[in-house]
Amino acid sequence: MQYKYAILDSNATSNLQLQHYMEDYGDFTCTAISINKEEGLKSILKYTPDVVIVNLNELADSYFDMITELHQYLEKLPIFIAISKTKEYAYTALKNNFFDYWLQPYNEFEILKSLLKLKKRLPKKKVPQTICLKSYRDFQYLDTDNILYLKADNNATDFHMTDGSINNAYKTLKTFENQLPPNFIRIHQSYIVNINYVSRINYGKSICALKLTKAPLPFSKSYRLNVDELKKNLSRNSISSSLN
């Protein structure tokens with residue numbers, strides 16, 4: 001499930017850190033980065049993000065004014081999260097219904113807990129059945145039903161399709177792990193499989209065989225729980241003929 005977020009912050013280093021946390025610990029896509037109230041107001045009205053992260057180290061009063069102004073245009077405001085080096089604006093943020101207040105330097109564990117609570121509060125969204133691979137001005141749309149498996153290739157990802165073709169994306173496998181429908185399970189540091197095409201799980205050799213391809217995929221001990229869950233899901237709709 002993907003949610004949209006925007007950042008209101010002129011600090012490029014802070015922006016990169018935030019995007020890293022949001023990518024690793026949540027199902028979030030960044031829609032805009034703004035450096036002042038005017039840009040922030042425009043980006044919120046244009047992209048209607050679910051979450052807005054606001055740096056209160058500078059221009060705090062103008063951002064609080066922007067939130068007040070947003071009530072004129074939106075029936076439902078996005079969820080706001082404040083970031084700051086001090087607790088100076090914590091009370092004002094609370095009065096403006098901010099969801100959380102992240103102190104800098106960031107505490108990674110506190111951000112993880114905050115994002116998990118945030119996802120419980122956000123409304124559930126339907127998982128899209130297509131995924132868009134973007135490369136500069138090239139946009140390629142893949143039907144997830146036609147994806148056999150994903151393979152990590154350094155900092156890129158290869159999408160192996162049911163027709164034998166391979167599509168490349170210049171993002172890590174981790175990026176796609178939380179974007180895909182629930183029928184995709186990670187079985188290895190380098191592989192995510194579409195469980196609808198799994199035809200065999202061999203625990204002795206630590207491999208999964210897939211329909212439509214001859215080469216089996218390895219699974220690793222670190223993802224053994226995922227493989228066990230995969231076996232349970234497949235067994236529910238299977239007739240058992242165990243030899244022992």
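The model is predicted. Its protein chain contains 7 helices and 15 strands. The C-alpha trace spans about 70 × 40 × 35 Å along its principal axes. Of the contacts in the protein chain with a separation of 6 or more, 55% join residues 24 or more positions apart.

The following table collects values for the whole chain.

| Property of the protein chain | Value |
|---|---|
| Share of the 244 residues that count as buried | 41% |
| Accessible surface | about 14,500 Å² |
| Share of that surface belonging to carbon and sulfur atoms | 50% |
| Positive side chains | 31 |
| Negative side chains | 25 |
| Distance between the centres of the two charge sets | 9 Å |

**The largest pocket**

Rolling a probe the size of a water molecule over the atoms shows where empty space is left. The largest pocket holds about 870 Å³ of space. Its lining is made up of 32 residues, and Gln2, Thr29, Lys134, Lys171 and Gln179 are those nearest the pocket centre. At least two lining residues come from each of strand E1 (3-8), helix H1 (12-25), strand E2 (28-34), strand E6 (130-135) and helix H6 (173-177).

**Helix H3**

Helix H3 covers residues 60-70, and its buried residues are Ala60, Tyr63, Phe64, Met66, Ile67, Glu69 and Leu70. An α-helix has 3.6 residues a turn, so residues three or four places apart point the same way. The cover over the buried residues of H3 includes E1, helix H2 (37-47), strand E3 (51-55), strand E4 (79-84) and helix H4 (90-95). Strand E1 also supplies at least two residues of the lining of the largest pocket.

Methods:
Residues are numbered from 1 along each chain as its sequence is written. This is a predicted model: local features need pLDDT of at least 70, side-chain atom pairs count only at pLDDT 80 or more; totals for chains, interfaces and linings use all residues. Side-chain values use heavy atoms; hydrogens and water are left out. Helices (H or I, at least four residues) and strands (E, at least two) are DSSP runs, numbered from the N terminus. Buried means under 20% relative accessible area, exposed over 50%, partly exposed in between (1.4 Å probe, protein chains only). Contact means heavy atoms within 4.5 Å. Accessible areas come from the Shrake-Rupley method with a 1.4 Å probe; for residues, only the protein chains shown count as cover. Lys and Arg count as positive and Asp and Glu as negative; His and the chain ends are not counted. The place of a charge is taken as NZ of Lys, CZ of Arg, CG of Asp or CD of Glu. On a 1 Å grid over the protein atoms alone, a cavity is a set of points where a 1.4 Å probe fits but cannot get out, and a pocket is an open set with protein on both sides within 12 Å along at least five of seven lines; lining residues have an atom within 4 Å of a point. Grid points are joined across faces, edges and corners, and a volume is the space filled by probe spheres set on the points.
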